[in-house]
Amino acid sequence: MRKKTGQNSGGNLWIYGRHAVAAAVGNLRREILKVLCTKETAGEIKPLLEKARRNAEIMKITDRREIEKNLPSDAVHQGFAALVKPLENILLEDICSLAEVKNECRVLMLDQVTDPQNVGAIIRSCAAFGADALIVQDKNSPEESGAMVKASAGTIELLPVCRVTNLSRALEMLKKKEFWIVGLDGYARKDINDMSRAAKTVVVMGSEGKGMRRLVEESCDETVRLPISSKVESLNVSTAAAIALYELGRR
């Protein structure tokens with residue numbers, strides 16, 4: 001059985017922004033309860049609803065003030081907002097099944113990355129560079145939220161997300177399915193350009209500053225570092241994820 005996760009412990013959430021709402025409307029796995037738009041943006045929303053064969057009655061034309069009542073004070077909504085159900089998560093077994101039918105399977109795992117906007121940006125990079133899934137820990141990662149969806153520019157609709165109780169145990173299960181586990185560590189001796197080749201690979205990234213936790217790092221087959229200038233201590237985790245995923249895809 002798959003479980004749902006979202007804002008307010010499984011409750012509905014407001015998403016906003018042109019790309020986020022358009023992508024949600026086009027994703028038939030996403031249940032949409034209401035779409036708010038202005039007179040200026042209604043012409044964009046209506047064709048999308050028709051194309052997705054959604055009920056046109058969920059669309060309400062209103063003013064920006066009413067839209068903003070439902071959103072954070074700093075939300076940049078562009079005249080688009082939607083009340084939606086959180087997306088369903090996949091199971092770890094689903095990733096294993098996917099790997100059995102693909103020649104290559106690339107997965108990203110996050111250890112204690114807690115900022116929703118960072119996670120959203122990472123999801124966007126996963127979609128851009130062809131990652132097949134994202135794995136996060138249930139208790140140490142943010143639930144789906146409007147800020148996360150906005151930061152992903154709607155690509156959260158494209159990327160399967162798996163939430164697990166224990167990352168180390170998840171990695172051991174993936175190893176049994178012949179995944180090679182690569183941890184990103186700024187103090188690693190090996191450069192990411194020299195990492196081992198594998199058809200099925202998991203890249204593990206820890207939080208900025210703390211990095212991966214000990215048991216998670218010990219579960220990795222190898223650790224690698226990004227070759228950045230000594231003048232810079234570290235990169236934002238979403239930037240580092242984009243570079244790692246690009247390198248993985250290039251190989």
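Visitor: Which helix holds leucine 167?

Guide: This is a predicted model: local features need pLDDT of at least 70, side-chain atom pairs count only at pLDDT 80 or more, and totals for chains, interfaces and linings use all residues. Numbering runs from 1 along each chain as its sequence is written, and side-chain values use heavy atoms, leaving out hydrogens and water. Helices (H or I, at least four residues) and strands (E, at least two) are DSSP runs numbered from the N terminus. Leucine 167 sits in the run of residues 167–176, which is helix 8.

Visitor: Is leucine 167 buried or exposed?

Guide: Buried means under 20% relative accessible area, exposed over 50%, and partly exposed in between (1.4 Å probe, protein chains only). Leucine 167 has 2% relative accessibility, so it counts as buried.

Visitor: What is the C-alpha distance between leucine 167 and serine 219?

Guide: In sequence, leucine 167 and serine 219 are 52 residues apart. In space, their C-alpha atoms are separated by 9.1 Å.

Visitor: Which core includes Leu167?

Guide: A nonpolar core is a set of buried Ala, Val, Leu, Ile, Met, Phe, Trp, Tyr and Cys residues joined through side-chain atoms within 4.5 Å. The largest has 47 residues, with Leu108, Leu110 and Met205 making the most contacts inside it. Its largest share, six residues, comes from helix 10 (residues 237–250). Leu167 is instead listed with Cys105, Ile135 and Leu171 in a second, separate core of 23 residues.

Visitor: Which residue in strand 7 stands opposite isoleucine 135?

Guide: Two strands pair if DSSP finds at least two bridges between them. Strand 6 (residues 133–137) and strand 7 run parallel, joined by four bridges. Both faces of strand 7 are covered, with Val161 and Arg163 buried on one side and Cys162 and Val164 buried on the other. Opposite isoleucine 135 stands cysteine 162.

Visitor: What is the bridge partner of glycine 183 in strand 11?

Guide: Strand 8 (residues 180–184) pairs in the parallel sense with strand 10 (residues 200–206) over four bridges; there, glycine 183 stands opposite valine 204. Strand 8 also runs parallel to strand 11 (residues 222–225), through three bridges. In strand 11, the partner of glycine 183 is threonine 223.

Visitor: Which backbone nitrogen does the side chain of serine 152 reach?

Guide: Serine 152 lies in the loop between helix 7 (146–151) and strand 7 (161–164). Its relative accessibility is 0%, so serine 152 counts as buried. At 3.3 Å, its side chain reaches the backbone nitrogen of isoleucine 156.

Visitor: What is the radius of gyration of the protein?

Guide: The protein has ten helices and eleven strands. The radius is taken over C-alpha atoms, and the globule rule is 2.2 Å times the number of residues to the power 0.38. For 251 residues that rule gives 18 Å; the protein comes close to it, so it is as compact as a globular protein of that length, with a radius of gyration of 19 Å.

Visitor: What share of the 251 residues counts as buried?

Guide: The C-alpha atoms fill a box of roughly 55 × 45 × 30 Å along the principal axes. Of the 251 residues, the buried share is 49%.

Definitions and conventions
Polar contact = N/O pair within 3.5 Å; in protein donor to acceptor, adjacent residues only side chain to side chain.
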